[in-house]
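I opened my notebook to go through this structure one entry at a time.

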Amino acid sequence: MDRNDDAINSDLAALTGRTALVRDTVSAHRIAALAATLDTDPPSDGTVPPLWNWVLFQDWPKWSTLGPDGHAARGEFMPAIEGMERRMWAGSAITFHRSLRIGEAVERRSTIAGATLKRGRTGLLAFIQLRHEIGPTGEIAITELQDVVYRAADDPAISAATPEPIPQAARSRSVMPDALTLFRYSAVTGNSHRIHYDYEYVTGTEHYPGLVVQGALQATWLADFARTCRGSAPIGHFEFRARRAVFQGRPVTLTALDTPDGLDLALRDSSDAICMVGRAR
């Protein structure tokens, strides 16, 4: 480990324990907008389905404060790490203690629970783990452990992957992530990252072959498929991890396999490579 790594590790260690608190109201309009984006109906009982809470607590910084990728510039709650300009949501583990309800006043307390530096196949990576506690004041309805990864701007955009056949016993569903769905999901969640809607930027600057499907949208598809597979049994815990990028205009396949521990989930691209794995129970 060189001196630069030591310096970054020292900066990361100092982040642990940093907190932020934001408040919101569970909006019927936002829930209806997300339902329309997913081509379904809003929940008839007024509860918020798993992962639909991601339409809450939106941050809309001034245009002049945005970074070149369209995200808010780092340096306040989320750190800026020199030489690591790209930031991605790598995965989450979410526990639903109870469902949020439309009309509730809620808050989200976020804490940096840990920060580490690692060297991977594509270069140096910094991992930030966030703990989000969500619910009305004085109550935790949802706990989420979120992993965010930082990497250098010139790291390879796409990693090689090997096709993995769908297990014979798995249930499956096909989804086509088109540009309109990506745009609407970014709009309803307040996500201004340009890789999801700016074709010239994503191909010319980030060197992807097309618009990138939001990891949160992929996870939401998996969670909604898991709800369908489980029928009346509620989801108390959901976790997912992204493996590789998914691109607009190419069909993806959602699969669910029953196990003693719940449902094992996966999202495959058109080459049958697994791009996201998950579990619901």
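In which loop does Asp272 lie? I looked it up, keeping in mind that the model is predicted. Asp272 is in the loop between strand S9 (262-268) and strand S10 (274-280).

**Entry: two aspartates with positive phi**

I stayed with Asp272 and read its backbone angle. Its phi is near 70 degrees, which is a positive value in a residue other than glycine.

I found another case at Asp39. Phi of Asp39 is near 60 degrees, again positive in a residue other than glycine. Asp39 sits in the loop between H2 and S2. Is Asp39 buried or exposed? I noted a relative accessible area of 72%, so Asp39 is exposed.

I also wrote down a glycine.

**Entry: aromatic rings**

Next I looked for ring pairs. How many aromatic pairs are there? I noted 5 aromatic pairs.

I took Trp54 and Phe240 and asked how their rings are placed. The ring centres are 6.1 Å apart and the planes stand at 70 degrees, so I wrote this pair down as edge-to-face. The cut-off behind that name is an angle over 60 degrees. Trp54 lies in the loop between H2 and strand S2 (86-96), while Phe240 belongs to strand S7 (residues 237-242), so the pair ties together parts that are 186 residues apart in sequence. I checked burial too: Trp54 and Phe240 are both buried. For Phe240 the relative accessibility is 5%, so it counts as buried.

Phe240 turned up again with Trp89. Here too the ring centres are 6.1 Å apart, but the planes are at 55 degrees, so the pair is tilted. Trp89 lies in strand S2 and Phe240 in strand S7, so this pair ties together parts that are 151 residues apart in sequence. Trp89 has a relative accessible area of 29%, so I marked it as partly exposed.

Which residues do ring pairs link into a cluster? I listed Trp54, Trp89, Phe238 and Phe240.

The charged end of Lys118 sits over the ring of Phe127, 5.2 Å from the ring centre.

**Entry: the second largest pocket**

I moved on to empty space. Rolling a probe the size of a water molecule over the atoms shows where such space is left. The second largest pocket holds about 800 Å³ of space. I counted its lining as 37 residues, and those nearest the centre are Pro49, Pro50, Trp52, Asp224 and Arg227.

Which helices and strands each supply at least two residues of this lining? I noted helix H2 (28-37), strand S6 (171-175), helix H3 (179-189) and helix H5 (215-230). H5 gives the most, with 4 residues. I also sorted the lining by class and got 18 nonpolar, 10 polar and 9 charged residues.

I then picked Thr37, which has its place in helix H2. Its relative accessible area is 10%, so Thr37 is buried. What does Thr37 touch, not counting residues up to four places away in sequence? I found Thr181, Arg184 and Tyr185. I also compared Thr37 with Asp224: they are 187 residues apart in sequence, and their C-alpha atoms are 13 Å apart in space.

**Entry: Leu117**

My last stop was Leu117, which lies in strand S3 (residues 105-120). Is Leu117 buried or exposed? At 12% relative accessibility, Leu117 counts as buried. Leaving out residues up to four places away in sequence, I listed what Leu117 touches: Asp5, Ile8, Asn9, Leu12, Met84, Leu124, Leu125 and Ala126. Leu66 and Leu117 are 51 residues apart along the chain, and 25 Å separates their C-alpha atoms.

How values were computed. Residues numbered from 1 in each chain as written. Predicted model: local features only at pLDDT ≥ 70, side-chain atom pairs only at ≥ 80, totals over all residues. Heavy atoms only, no water. 1 Å grid on protein atoms, 1.4 Å probe; cavity = no way out; pocket = protein on both sides within 12 Å on 5 of 7 lines; lining within 4 Å. Points joined across faces, edges and corners; volume = space filled by probe spheres on them. Nonpolar A, V, L, I, M, F, W, Y, C, P; charged D, E, K, R; others polar. Phe/Tyr/Trp six-rings, centres within 6.5 Å; stacked < 30°, edge-to-face > 60°. Buried < 20%, exposed > 50% of the residue type's maximum accessible area, 1.4 Å probe, protein only. Lys NZ or Arg CZ within 6 Å of the ring centre and 35° of its normal. Contact = heavy atoms within 4.5 Å.
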